[in-house]
Amino acid sequence: METLRKTLEQADANRVAIGHFNISDLVALKAVFEAARELKVPVIVGASEGERQFMGARQVAALVKSLREEHDFPIFLNADHTHSLPSAMEAAKAGFDWIVFDVSTLPFEENVRQTKAAVEALKSVRPDILVEGEIGDIGSGSEIHDAAPELQKGLTSPAQAKQFVQETRVDTLAPAVGNMHGMLKSMVAGDVKKRLDIERIRTIKAAVPIFMTLHGASGTDDDDLREAIAVGITVVHINTEVRLAWRGGFDSALAKQPNEIVPYKLLPPVVDSVKRAVAARLTLFSGGRRRVRSA
Ligand SMILES: [Zn+2]
């Protein structure tokens, strides 16, 4: 089994990206795993602090580990947007492969100081764990927003990225490059797509030769995603699209079976709906190529 770091190195070298999908339950986990297995591509599932609180950090870690071991398949687990060191340590001890340590709302110098301390503390517990830092403003909440936040001022500069990475020694960087958490109503309808600052991604990648993660990618223009991956994005986070598919699948399951009370009869359409959304993104991120030989 390849390690997460090796998996990212291969993706980076091949100019493809690994998909990261947030989950809140076993239904979404099944869907993400099945989609990745059928496409034979590695995959990352993410659980934010809220999602971990619902599922239990140790419980979701045990589920992902059991899938990885039983199927000898590269599925990894990320502690998404972790806002404090105790919460990050809890996830590290529970067996998460990766921690997104996000104190990006703090002033830059304080963000550097706290992220550096988190990298040192987390690596002392688990030397192999990956730690991601975040600079700039990409909004918060993978939900449907009424209005777009003002993100133009919070874009990441290559100089700031370089200083941040050198001082904190993070393994991966989450920049603000036109991406945004959540989706607008117009994006759910498909009328409007998020657009990315491709030149900014290219120059940041040239300034900091580490892995870069694109957060808040739901509703992004397909060609922008392809270009972003071609110039240096190695992992793409999708959450809102997964949630929309979950809700849509559940609504139609209830409409079709209004009297059904058996969860394992109601929930398979939800798995299918999420699986289709995940498979579409994985296909795009992997450039249509298949990467896992053992599965
Ligand atoms: Zn995010």
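Start by selecting His81 and His215 in this predicted model: both residues are buried. Now show the zinc ion, which is coordinated by His81 through NE2, His181 through NE2 and His215 through ND1, at 2.0 to 2.1 Å. Read along the chain, these donors follow the spacing H-x99-H-x33-H.

Next, go to helix 11 and pick Glu241. Is Glu241 buried or exposed? With a relative accessible area of 16%, Glu241 is buried, because the cut-off for that word is under 20%. Leaving aside neighbours within four places in sequence, its contacts are Met183, Ala217, Ser218, Gly219, Ala277 and Arg281.

Stay in helix 11 (residues 240–256) and move to Leu244. Leu244 is partly exposed, at 32% relative accessible area.

Now for the interior. In soluble globular proteins, nonpolar side chains tend to be buried together. Here the largest nonpolar core has 75 residues, and Phe96 and Leu173 have the most contacts inside it. Colour helix 2 (residues 26–39) to find the largest share of this core, nine residues. Then centre on Leu173, whose contacts beyond four places in sequence include Phe164, Val165, Ile204 and Phe211. Another core, of eleven residues, lies apart from the largest one; Leu4, Ile44, Trp98 and Leu130 are among them.

Finish with the charged pairs. The structure holds 20 salt bridges. Here are some to select:

- Asp224 and Arg195 meet in a salt bridge of 2.8 Å, N to O. Asp224 lies in helix 10 and Arg195 in the loop between helix 8 (185–188) and helix 9 (198–207), so the pair ties together parts 29 residues apart in sequence. Asp224 is buried at 3% relative accessible area, whereas Arg195 is exposed at 53%.
- Glu199 and Arg202 form a salt bridge, with their closest N and O atoms 3.0 Å apart. They are three residues apart in helix 9, about one helical turn.
- Lys116 and Glu120 pair up with their closest N and O atoms 3.5 Å apart. Both lie in helix 6 (residues 108–125), four residues apart.
- Arg5, Lys123 and Asp171 are linked in a network of salt bridges.

Notes
Residues numbered from 1 in each chain as written. Predicted model: local features only at pLDDT ≥ 70, side-chain atom pairs only at ≥ 80, totals over all residues. Heavy atoms only, no water. Helix = DSSP H or I, 4+ residues; strand = E, 2+ residues; numbered from the N terminus. Buried < 20%, exposed > 50% of the residue type's maximum accessible area, 1.4 Å probe, protein only. Donors = N, O, S within 2.8 Å, 3.2 Å for Na, K, Ca; no water. Core = buried A, V, L, I, M, F, W, Y, C linked by side-chain atoms within 4.5 Å. Contact = heavy atoms within 4.5 Å. Salt bridge = Lys/Arg side-chain N within 4 Å of Asp/Glu carboxyl O.
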